[in-house]
Amino acid sequence: MIATVQAVFRPFLRLGLIPQILMGIVAGVLLALFAPGMAGNVALLGQLFIAALQAVAPILVFVLVAAAISAHQKGQPTHIRPVLVLYMAGTLIAALIAVAASFLFPTELALNAVQVDGNPPGNIVSVLRDLLLNAVTNPVGALMESNFIAILAWAVGLGLTLRQASDTTRQALSDLSTAITRIVTLVIRLAPLGIFGLVAGTLAESGVEALLNYAQLLGVIVGCMLFVALVSNPLLVYLTTRKNPYPLVFTCLRGSAITAFFTRSSAANIPVNLELCRRLKLDADTYSISIPLGATINMCGAAITITVITLATTHTLGISVDFPTALLLCMVSSLAACGVSGVAGGSLMLIPMAASLFGIPTEVAMQAVAIGFVISVVQDSTETALNSSTDVLFTAAACQARAKVHS
């Protein structure tokens, strides 16, 4: 019996992860259309998949960063600075593009949505204060609550102090990092089943109509992200490497963005990105740090979401926005995006902070957040795909530029 089952599924298992995911999507759509009652039942597969990703992501980031830093030998360069510059430049440019698109395609929102519970920050000073306080949170609590700023801070501190530890201790940490990476890789291998459940359950519950009501807002957000992925990011890569960026761009989109689109978690996509960096033959001392770091602070997609929904809210309320204020919004969105956690839905709760720049009450801003949750099926998936693929793209660009200089 087992041999028969294996024989039936062997052709499917031999396919790559991406074809399996595409098959899961098609199966989920068909089930939602023709058997919506059954589609609601299989939604449990998607919930289990997302829960597993969210459970393992915090410990993954903590151990990977700590292991990478502790293994670094004194005097051995990591060349992380050019990657950080690209991260910051890419996020700021993405926010500027979002402002331009919002002015070109002004969008009105129906601000009568049910309010969403939450405690958003009130202003930029509050954001900075919260970032500092989050960085010194109890590490156990940070792991339990997926506070990636604190996780990153503790991982860096632990990694630096363990540089003086014995080789045996550092090797044990490296072995632990490898083991956790394998666990996450196993979870990712279950993505076709999880995505099948997610697609079927989402369509059965919300239907396509929920997205059509906010088609223009969604179009502006996704359009900005596509422009960043296919125009501004390639331009940054070209300026860094001085060669045609698109082969690298499409490699990163194919190898990272597709899986990130469905997992909706930059942190959970770390093993996929690390494997892609290995296939690209990048410097392990660089990508072992830049990839986990990018999953926490490189959030150009989040900057787009925050900026577009905020400006849509101001347009709906008839608030005039001049260029200096829009520029300030870009900087605020970029800073706020860096503090967004690497799990699904992180950027939406920072919209009230950006809206406060224009005197918009929190009650109104939270209605805009509710609209964001309605379109998050597509918005959050596209945002994560852009964020995660950009981590590999900018890491590869910095490594190739350095290799070109030394050749």
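Predicted model: local features only at pLDDT ≥ 70, side-chain atom pairs only at ≥ 80, totals over all residues.
**Exercise 1: The overall make-up**

Find how many helices and strands the chain has, and what share of its residues counts as buried.

*Solution.* 
- Step 1: Count the secondary structure elements. There are 19 helices and zero strands.
- Step 2: Turn to burial. The chain has 407 residues, and 50% of them count as buried.
- Step 3: Ask how far along the chain the contacts reach. Taking contacts with a separation of 6 or more, 85% join residues 24 or more positions apart.

**Exercise 2: Cores and a buried threonine**

Work out which residues touch the most other members of the largest nonpolar core, then describe the surroundings of T307.

*Solution.* 
- Step 1: Start with the largest nonpolar core, which has 61 residues; L53, I195, I270, I291, L393 and F394 touch the most other members. Helix α3 (residues 36-71) supplies the largest share of this core, with 15 residues.
- Step 2: Pick one of these residues. Beyond four places in sequence, I291 touches Y87, I270, N273, L274, C277, D391, V392 and T395.
- Step 3: Note a second, separate core of 28 residues, with I97, V220, A312 and A368 among its members.
- Step 4: Now locate T307, which lies in helix α15 (residues 300-317). Its relative accessibility is 0%, so T307 counts as buried.
- Step 5: List the partners of T307 beyond four places in sequence: A95, A98, V99, S102, L329 and S333.
- Step 6: Check a distance. T307 and I221 are 86 residues apart along the chain, yet their C-alpha atoms are separated by 9.3 Å.

**Exercise 3: A pair of crossing helices**

Describe how helix α11 (residues 215-241) and helix α12 (residues 246-263) are arranged.

*Solution.* 
- Step 1: Take the axes, which come within 10 Å and cross at roughly 125°.
- Step 2: Classify the angle. α11 and α12 are therefore oblique to each other.
- Step 3: Name the residues in contact. α11 contributes A229, L230, V231, P234 and V237, while α12 contributes Y246, L248, V249, F250 and L253.

Technical notes. Residues numbered from 1 in each chain as written. Heavy atoms only, no water. Core = buried A, V, L, I, M, F, W, Y, C linked by side-chain atoms within 4.5 Å. Buried < 20%, exposed > 50% of the residue type's maximum accessible area, 1.4 Å probe, protein only. Helix = DSSP H or I, 4+ residues; strand = E, 2+ residues; numbered from the N terminus. Contact = heavy atoms within 4.5 Å. Axes fitted to C-alpha atoms, helices over the stretch in contact; angles between N-to-C directions. Parallel < 35°, antiparallel > 145°, perpendicular 65-115°, else oblique.
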